[in-house]
Amino acid sequence: MIDLHTHILPGIDDGSRTLDDALAMARAAVRDGIRVVAATPHVRDDWPTTAAAMEQRTDELRAELAAAGIPLDVRRGGEIALEALERLSPEELARFGLGGNPKALLVEFPYYGFPLALGLRLQELAVRGIRVVLAHPERNAEVQAAPESLRPLVDAGALTQVTAAVIDGRAGRRSRETAFDLLDRGLAHLIASDAHTPDIRGIGMSEAAAAIGDEAFARWLTHDVPAAVIDGTAVAPRPVTGRRRRGLFRR
């Protein structure tokens, strides 16, 4: 599996605090069957991470993983807030490219409200050939009330990421209902952990993959789509699932 949303870099945001925390997250990821993670620290007003800091911490962590014999491939990235999209230069944004792909960005979907500027910013990125992955829209109250509000963004080329802990029931019923609703509607494309620690909001995706209830669909969400994002290739068509949920998780 490939996890494109983690806060594994130590001491850079509200994720792992120490190197030991980061190594524990890496070991947990490997035990769970994850082979590649993107280090995606927050890039926003309260955590104004620079590309240089992200790159340095990623390189340091990769060296520590090699020394510890932990077979986890850590790629570069960032979780970019809307206000950061507006102030960072194209060159800086490219350095935050998701999974090391300068033509892909993980954009943080706001927890509250549905900014009118979001569609405009995504359109500007699309014109520049940048693929956007929207992080955890299932947690947003506006999306929970009206899941189809995401349709124009998806139709314009955005992919959406739902959170593993939401899918497997660790992170709230309302968000879980919305996540499955988005999956039913074809408005969710990949699962990631958004891991901040080895335990609470812990890294891991296998339980979420099992909760999907269809092996081919789960692989598409946890491997095929993330791999296409990293490689900059076309996303394979969503597999026809053998098990339909028939709105089971919709209100």
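Good morning. The model is predicted, so local features need pLDDT of at least 70, side-chain atom pairs count only at pLDDT 80 or more, and totals for chains, interfaces and linings use all residues. Residues are numbered from 1 along each chain as its sequence is written, and side-chain values use heavy atoms, with hydrogens and water left out.

Start with the overall build. The protein has 11 helices and 10 strands. Helices here are DSSP runs of H or I with at least four residues, strands are runs of E with at least two, and both are numbered from the N terminus.

Now the dimensions. Along the principal axes, the C-alpha atoms fill a box of roughly 50 × 40 × 30 Å.

Next, the inside. Of the 251 residues, 54% count as buried. Buried means under 20% relative accessible area, exposed means over 50%, and partly exposed is in between (1.4 Å probe, protein chains only).

What sits in the largest nonpolar core? It has 78 residues, and Ile-8, Leu-72, Leu-105, Ile-167 and Ile-212 touch the most other members. Such a core is a set of buried Ala, Val, Leu, Ile, Met, Phe, Trp, Tyr and Cys residues joined through side-chain atoms within 4.5 Å. Helix α11 (residues 215–231) gives the most to this core, with eight residues.

Take Ile-167. Leaving out residues up to four places away in sequence, its contacts (heavy atoms within 4.5 Å) include Val-162, Phe-180, Ile-191 and Ile-212.

On to His-196. This residue lies in the loop between β10 (190–192) and α10 (206–212). Is His-196 buried or exposed? It is buried, at 5% relative accessible area. Its side chain makes a polar contact with the side chain of Asp-14, at 3.4 Å. A polar contact is a pair of N or O atoms within 3.5 Å; within protein, one must be able to donate a hydrogen and the other to accept it, and residues adjacent in sequence count only if both atoms are side-chain atoms.

Last, Phe-109 and Phe-114. Phe-109 is buried, at 1% relative accessibility. Phe-114 is partly exposed, at 27%. Thank you.
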